[in-house]
Amino acid sequence: MIKLKAKSSNMLLKLFESYEQTISDALFHKPTDQKSNLCTASIAKHDRDFYANSYLIAVDVAANAVTPLSLRSSNSADRLQLLESSSGSDKTKDSGLGTGTTLIGDRRRVGRGKLLDELPSICSKLSNISIGHGRELISEPTEVSSVDGIPVKLACNYIRINSDPNKGVFVYEVRFSPNIDSTSLRRQYLNEHSTKFGGTKTFDGVTLYLPILLKDSLTTYLSKVSDGSSIEIRILFKRRETLKDCIHLYNVLFDRIMKTLNYVRFDRKQFDPTSPKVIPQQKLEVWPGYVTAVDEYQGGLLLCCDVSHRLLCQKTVYETLFEIYKSNPNTDKNQPLLICIKKQRKSQSPQIEDLVLCLIPELCYLTGLRDDIRSDHKLMREIATFTRVTPNQRVEALKKFYTNIQNSPESCKILSEWGLSLVPSYEEIYGRQLEEEKIYFAHNNVGVGHNADFGKHVATNELLEIFPIHNWLLIHCKNDSKVAASFCEHMQRNTRSFGLTVHPPKIVVLSNDRIDTYVNALRQNITKETQIVVCICTTSRDDRYAAIKKTCCAEIPVPSQVINSRTLQNEAKNRSIVQKIALQMNCKLGGSLWSIKIPFKNVMICGVDVYHDATQKGNSVAAFVASLNQKYSRWYSKAVIQSKREEILSGLCSCLISALKEYESENSHFPDGVIIYRDGVGDGQLQVCENYEIPQLEESCRKMLNYVIKITFIIVQKRINTRYFAMSRNSFENPSPGTIVDKTITRARLYDFFLVSQAVRQGSVSPTHYIVLRDDAQYSPDIIQRLSYKLCFLYYNWPGTIRNPACCQYAHKMAYLVGQSIKRATSEDLAKKLFYL
């Protein structure tokens, strides 16, 4: 079925105008890559007959005002039947929209010459035609919003940008005669005439961007060379850029503005070196700054501006090295240079080479959080007083940002030259507050309250699905015997309140805490009857933890729990700590703690995430987690180790096939639909994700089920700069969990929304960005938004909501464990258990 759909007659007119040249190329067998954007169906590449069909439909529409448009074709051969009707009568065709549509006209074949001659006039007649609604025909701005929930007024960290209608971004091609190869010389000769076209420009050596339209489409200038000869400069008008094509230029302009304000750039953020917050005891300072981004949103052109901070050490690298030398007298005291290796690609070559830079230690300062700083909790709390910014402080910082620009003549000049101006206020938007959810235990249900926190109810209600612990192994060192005894006592006494029965364990006491001692104890004492292993370690060591997990997850598959003995040394807190450990152990045995009402039937929900190993570049782990029951309380987990450091999942097919088999084994049938939440995908990877990962899913489902399953694919983004706040008289506060925004600040050409799913006690809450890339089931926005919020309650490591859906968090935990510690495939015996919590 080939359908042509348009939202308005103007849109259809733009369609045919845009593809006039493409249609002409197709008729002459010229290759083109623009077909996929022309219609919603999948069409064979270089199919010239399709364009002939499109043309003839346009002819009939212009002549007979037929609405809506459709052309039905079951295969490529049938497309040769351009239009069929009985002679002298009308013939009814299925429009593909659920109603019959009458197509008028005789069956015709038109020669290429006639097609080309008539094409412009046909396009010009389309503006008076009324066309039925459709979706995803061309990349026009769309609005997808829902109505569920209570409307709330919000403020956000966006500033509206107004543009002068008499100005814009006009693109010109610059040619030199005779030709000049040097880009610097091209700029030099063009700058000689810059005052003649306003002075404001952006020129890359070939393409010239101006904020004004020159009088003539072809403008010529002459420049004199030192030898007396002349250089002819021809400036040819190409087009006026649309708003979506100007975004990069606008971001460059704001980078220039930040430079005029004397901000220092680190990566993509700008920091103010004149207003540092000093921590004198540690010789550290925190630079305040901003991260800015201009984009086209549903509400128009907006500037997102968020507060950022950068931690710097006041000591130079030379001083740090000198301290190392003092503590290690035998160290070579010859002063070294700092070697910085930067990867860069050679021009016109796919090869990547190392660019080696030698830096002088006296001129270098360390930035960022070192491991010794992170481990100092007192210092981290002091740093947090500067970096955890409240909603009121963020709004004040936004006002200060605008004031700084307005008080800078250079900044105002940059904006005015390109016809831009900032609205002197934050953007006010409207969101919706979803109603309170209920958590279901085995025999009771409770409301989650205003902060979506139900921790006090977990220890007093019987768990949803309990696995009694009859046969378990406890391993600890001799020095931790007192801690181990206290742990066993609390496990047997304080787990009855939520229905868990724990019998005394088999205890193995070790003489030392060496890695091989723990590994040998595991190999010698784990039996087929062992349900779970608990290891109490004296200190926290990554290598010991990795060895234990590798043994229990890959070599001898059994759920394991590793505890630092310091965690259990505070007797006053041991009761609640041991209860949380017991809840984790129940999950690792295959049990479930609670559920939430999700009224789906026969739908499998999946989560996907990827872990990249920073120490071993080239290896990455992709984790796939899928639901197995209707309560969405049991999950199947699988990890695939990839050889290349890429975000795309090459092993996604095998993971989905295994999950479908397990679902069929548990429910005696395959699911009707699959909803996949994909974490870890940036804006630059959306197109690759849509064109590579989703087709993998379709193909794997088709091969296994022999039919195409309905796939809903949702991207989850946590690392975003968007913030919005609840407005309360003259102050601002964090929005409540369940606050959704799907208008104004959402992308103009995406189906997306923002969701605040958790409450925070300090600083500002960060919303999560959801992008619906594919929705075969055509769920309403209300359903997808409500489902995303409900899934944030199902993470069993926290009795409340988390930032992202539980399936994504489970996938993240598994990918991290496999990539960081196990570094090999885990046993299939643990696939139905949350062994990675």
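The paragraphs below look at one pair of packed helices and then at aromatic rings. The model is predicted, so that local features need pLDDT of at least 70 and side-chain atom pairs count only at pLDDT 80 or more, while totals for chains, interfaces and linings use all residues. Residues are numbered from 1 along each chain as its sequence is written, and side-chain values use heavy atoms, with hydrogens and water left out.

Helix H14 (residues 515-525) packs with helix H15 (residues 542-555) at an angle of about 20°, their axes lying 9 Å apart; helices here are DSSP runs of H or I with at least four residues, numbered from the N terminus. Because angles under 35 degrees count as roughly parallel, H14 and H15 are roughly parallel to each other. In this contact (heavy atoms within 4.5 Å), Ile515, Tyr518, Val519, Leu522 and Arg523 of H14 meet Asp543, Arg544, Ala547, Ile548, Thr551, Cys552 and Glu555 of H15.

Turning to the aromatic rings, the count comes to 20 aromatic pairs, where rings of Phe, Tyr and Trp (its six-membered ring) pair if their centres lie within 6.5 Å, and planes over 60 degrees apart count as edge-to-face, under 30 as stacked and the rest as tilted.

Methods: Axes are lines fitted to C-alpha atoms, for helices over the stretch in contact, and angles run from 0 to 180 degrees between N-to-C directions. Helices (H or I, at least four residues) and strands (E, at least two) are DSSP runs, numbered from the N terminus. Angles under 35 degrees count as roughly parallel, over 145 as roughly antiparallel, 65 to 115 as roughly perpendicular and the rest as oblique.
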